[in-house]
Amino acid sequence: MTIADFLQREIELGSFPGASWAVGSSRGIDQTGAVGHSVAVPLRIPATVDTIYDCASITKPLVTTTLALELFPLDHRIHGYSVFELLTHTTGLRAWLPLYTFDDPLRAILDHGPECERGSRVIYSDLNFILLWMAIENYDELARTRLGARLRPHASLKPRIAATEWGNWWEMKMCGTRLRDGLIWGETHDGNSHVLGHGCAGNAGLFATATEVFEMTRTVLRLTPPVRNETADLNDARGLGWQMGTGSAMTEMLSPGNFGHTGFTGTSVWIDPARDKIMVLLTNRVHPIAAPNSILRIRGEFHRLALAE
């Protein structure tokens, strides 16, 4: 079975409307492709290799981590937390807060964010990367000039952008506040990113094609230190800004030392250094509704096929 065949089958099963991918090595892209639709309702637009996806949390390693490592030493303190703690999610801050419901988002993080003792465990948290974003001056300009990142895409690009959720129902179920009605299309799906940063708050906001994510990954791996497990004695394996593979259904087929990152909207980039393999899968699984599905299994099978082709 080819990648295209597999993803088309998942589309028919209702896992997502469309997908785009890019697979290759440090030398460059070996294959790309796209199947399905970037927009399924209220109209249908076919997905192509030029479709731009809301990359969600892939923003964390590709943009925010890279800029933070260039600007700050790891022991630099940001509102009491070291850059190392923020990048490895060892601050003890809770996973998420609807910061757009507070008058002072920073004070909300500092007062309501702590959940456990710092350094005692890994809690994957958007709050860590929002604090980093707040500390990086000229974030948007640096992201564009240093990394070629596309934030807050221009309205003219909307026909190329994959739509996400119809309204913010997923977040509304968690906090009771509904931010938007209608289809979220051409603007970041994440509520904190949408409100705090007017489209990017360090935790989410990157919009890119699969080939652009691939090339950004190659650039980032050249600019930043080798990725390794920085939390070996804790409950989850984390590098600086990256998630380490732990033998889950998504990574069991990969070599030891693999790492990557995922995005809530249905995106992922994963690297197998031992095989010199970079694998990018972008979907809009939250369109038109954000419902639980077997995205980890889907990513794992994508990785398996990418290694075989």
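Start with the largest pocket, which has a volume of about 700 Å³. A pocket here is an open set of points on a 1 Å grid over the protein atoms alone, where a 1.4 Å probe fits, with protein on both sides within 12 Å along at least five of seven lines; the volume is the space filled by probe spheres set on the points, joined across faces, edges and corners. This is a predicted model, in which local features need pLDDT of at least 70 and side-chain atom pairs pLDDT 80 or more, while totals for chains, interfaces and linings use all residues. Residues are numbered from 1 along each chain, and side-chain values use heavy atoms, without hydrogens and water.

Next, select Ser57, Tyr124, Asp126, Gly263 and Phe264, which lie nearest the pocket's centre among 31 lining residues (an atom within 4 Å of a point). Two or more lining residues come from each of α7 (169-175), β9 (259-263) and α10 (295-308); helices (H or I, at least four residues) and strands (E, at least two) are DSSP runs numbered from the N terminus.

From β9, move to strand β10 (residues 267-272): the two pair antiparallel over five bridges, where pairing takes at least two DSSP bridges. Select His261 and you will find Val269 of β10 opposite.

Now show the whole open sheet, seven strands in the order β3-β2-β1-β11-β10-β9-β8 with antiparallel pairing. β3 (45-46) and β8 (243-244) each have a single partner strand, so one side of each lacks a neighbour in the sheet.

Finish with α10, which lies across β1, β9, β10 and β11.

Conventions: Contact means heavy atoms within 4.5 Å. Axes are lines fitted to C-alpha atoms, for helices over the stretch in contact, and angles run from 0 to 180 degrees between N-to-C directions.
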